[in-house]
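Work through the exercises below with the sequence and the structure at hand. Each task is followed by its solution.

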Amino acid sequence: MTLTADPRSRTTANPRRTRNLPADRPSSGGTTPAPAGRRPAGTPTLPAAAGLTATAWVEAVAELTRPDDVVWVDGTDAWRRTLIETMVTTGTLIPLDPELRPGSYLARSAPSDVARVESRTFICSEREDGAGPTNNWREPAVMRAELRGAFDGSMRGRTMYVVPFSMGPVGGALSKLGVQVTDSPYAALSMLTMTRVSPEVLRRVAAGEDFVPCVHSVGAPLVAADGTRTDDVPWPCNDLKYIVQFPQSREIWSYGSGYGGNALLGKKCFALRIASAMARDEGWLAEHMLLIRVTTPEGRPFHVAAAFPSACGKTNLAMLQPTLPGWKVETLGDDIVWMKPDADGRLRAINPEAGFFGVAPGTGASTNPVAVETLRKNVIFTNVALTDDGDVWWEGLTPEAPDHLVDWQGNDWTPADGAAGRPAAHPNSRFTVAAAQCPTIADDWETPDGVPVDAIVFGGRRATNVPLVAQAYSWAHGVFLGATVSSERTAAAEGKVGELRRDPFAMLPFAGYNMADHWAHWLSVGDVLAPETRPQVFQVNWFRRAADGSFLWPGFGENARVLAWMVRQVEQRRSGGHDPAHPSARPTAVGLVPGDGALDVDGLDLADDALDELFAVDPARWKAECDLTDEFFATFGERVPAVLRDQLRHLRDRLDDERLS
Ligand code: GTP
Ligand code: SPV
Ligand code: MN
């Protein structure tokens, strides 16, 4: 077994560097530090990192999974190149035309491995009610034994890459370290873009700083236990999958998938599932949110964090180009936000990620020109179509499809296939790109202390009922809005697209503990925040449809109009500058909506009654929603905070109040 942090050492002998592994020092996180350099004797169950140095833990995992070699990846360009070369050789990465798409590659996954697998995602808290009714729970000891069987020899014949990474700016007050071991060079390379991987992070891990241990195997050994070899394939994976979080011991074990959140363990597994459990214990919040700065024409900056379920518009809103003159939007993050109250009682937020793993379909010059610009170079595309001149294409990139393409599965494709319902790009095809490459990224997006949050937004994909925008009457009402989000299913996860389901806080697949406790935690964080600067909470819905099925609202850049109204509402609250002659908002049963003329729709080509339809609150339909909310709350039993049950009662009362309809 060779251990090295230098990619050259496997091709050119470099004895000085081949021993360049992290020093063996006791980890500060454990209770029983292992003597330096000693291997744990045997592995009766899964090796846990607690008490082990990073090196000893990696060795223990290697002892279980049996890779041919173990290499430490420190994120330097040499490593990036080595990983890419390896995958071009195996056919995992197809180089794109160097002039049309410099430094960019296409990967095609196995058709069975195209999205997150929620049915195989497990939260292994000590007690079942620690995970709650919205999670798949398994008893930790039982799962450890099961995983031990799956991981036993799972990396035979492969290289194990060890990737130490930081979520958040290295050393920042809200940042955390992780170490992912993986037998997927695709996952290793993606981690270099999606997280911060550097020699400095390697040094910190080696020096014994706490880290979240993340083990990933595609579950496709090249050598069987009896020594027989099989040939590799471009996208190895296993039909059996496990995406397992142990929130108590803060561990992640992922098996069988190489795709997205299943495999890039810094993302959903760590930054949401494990981090949400850490955040509950430490008094902060880990959320499935984008983060932007909106600057008014007068030059005043406001920060907005918005939670929408998967494939419901976070990346698009994060890169929004306002259509309103004088307004400016800068990008800070597009998927995950960590927020913590500071000493002054302000909620401060960072984006713990370093890249975007964004939905390709629907991303085009007319919808998201900033993303199109971000994707000019240095991108890993997965499951999009290949053009004849070596570039990429997906539905929505241009209005017309090219005459001929190679589709995401490697087959010839013509527009006739599209007409027959076979898209050229998979609906959950994605791009992986550095956030720093985004033309609208804020200069200070890596500020370690984060930015102050002024508004929190919850959204979903709702064809009916939910208005374009509504402001919560209070923090508690805002938590109620977040807790009761429902949304039509998208292709980002396995399951039936379009089916309506509850997705509280857009965190249904991402909460590392009982969702009802998450609501209680939000209420208690609200209590710590200073009332004058506590974020205002809003609900939005870009997806309401007219009777003919068309979207009532143009969306995308025009969403700036809604942002502008929200920011003015925040400004007005702060200044007390309320003009009763021109009320900016009008109360409805579900929240405050823009008053007459308060939502700037100048120059928009809206259908005659579109605005009325966008803001219509139908009491009968909403009462039916309340009944569903009752049923939903009932699944959590006594754990639902009384404050939220009160909110449901207030909503029903308002629906009965004729002055509000
Ligand atoms: P995840 O990365 O899965 O968390 O998704 P996301 O929330 O970042 O969603 P994204 O911005 O990638 O959008 C998903 C899909 O919704 C894309 O096909 C977009 O084109 C579409 N979309 C985004 N914003 C709007 C909008 O304002 N209106 C309409 N009609 N569609 C939108
Ligand atoms: C999501 O599904 O919300 C994503 C994609 O952002 S994944 O990283 O695969 O979870
Ligand atoms: Mn997401």
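**Exercise 1.** How many bridges join E2 to strand E7, and which way do the two run?

Solution. The model is predicted: local features need pLDDT of at least 70, side-chain atom pairs count only at pLDDT 80 or more, and totals for chains, interfaces and linings use all residues. Residues are numbered from 1 along each chain as its sequence is written, chains are lettered from A and ligands numbered from 1 in the order in which they are written, and side-chain values use heavy atoms, with hydrogens and water left out.

Step 1. E2 and E7 (residues 159–167) run parallel and are joined by 4 bridges. Strands (E, at least two residues) and helices (H or I, at least four) are DSSP runs numbered from the N terminus; two strands pair if DSSP finds at least two bridges between them.

Step 2. Val70 has Met160 as its bridge partner in E7.

**Exercise 2.** Which residues coordinate the manganese ion (ligand 3)?

Solution. Step 1. Lys268 (NZ), His288 (NE2) and Asp335 (OD) coordinate the ion at 2.1 to 2.5 Å. Donors are N, O and S atoms within 2.8 Å of the metal (3.2 Å for Na, K and Ca); water is not among the atoms, so sites may look incomplete.

Step 2. Lys268 lies in helix H9 (residues 266–282) and Asp335 in the loop between strands E15 (328–333) and E16 (337–341), 67 residues apart.

Step 3. Lys268 counts as buried because its relative accessibility is 6%; Asp335 is buried at 9%. Buried means under 20% relative accessible area, exposed over 50%, partly exposed in between (1.4 Å probe, protein chains only).
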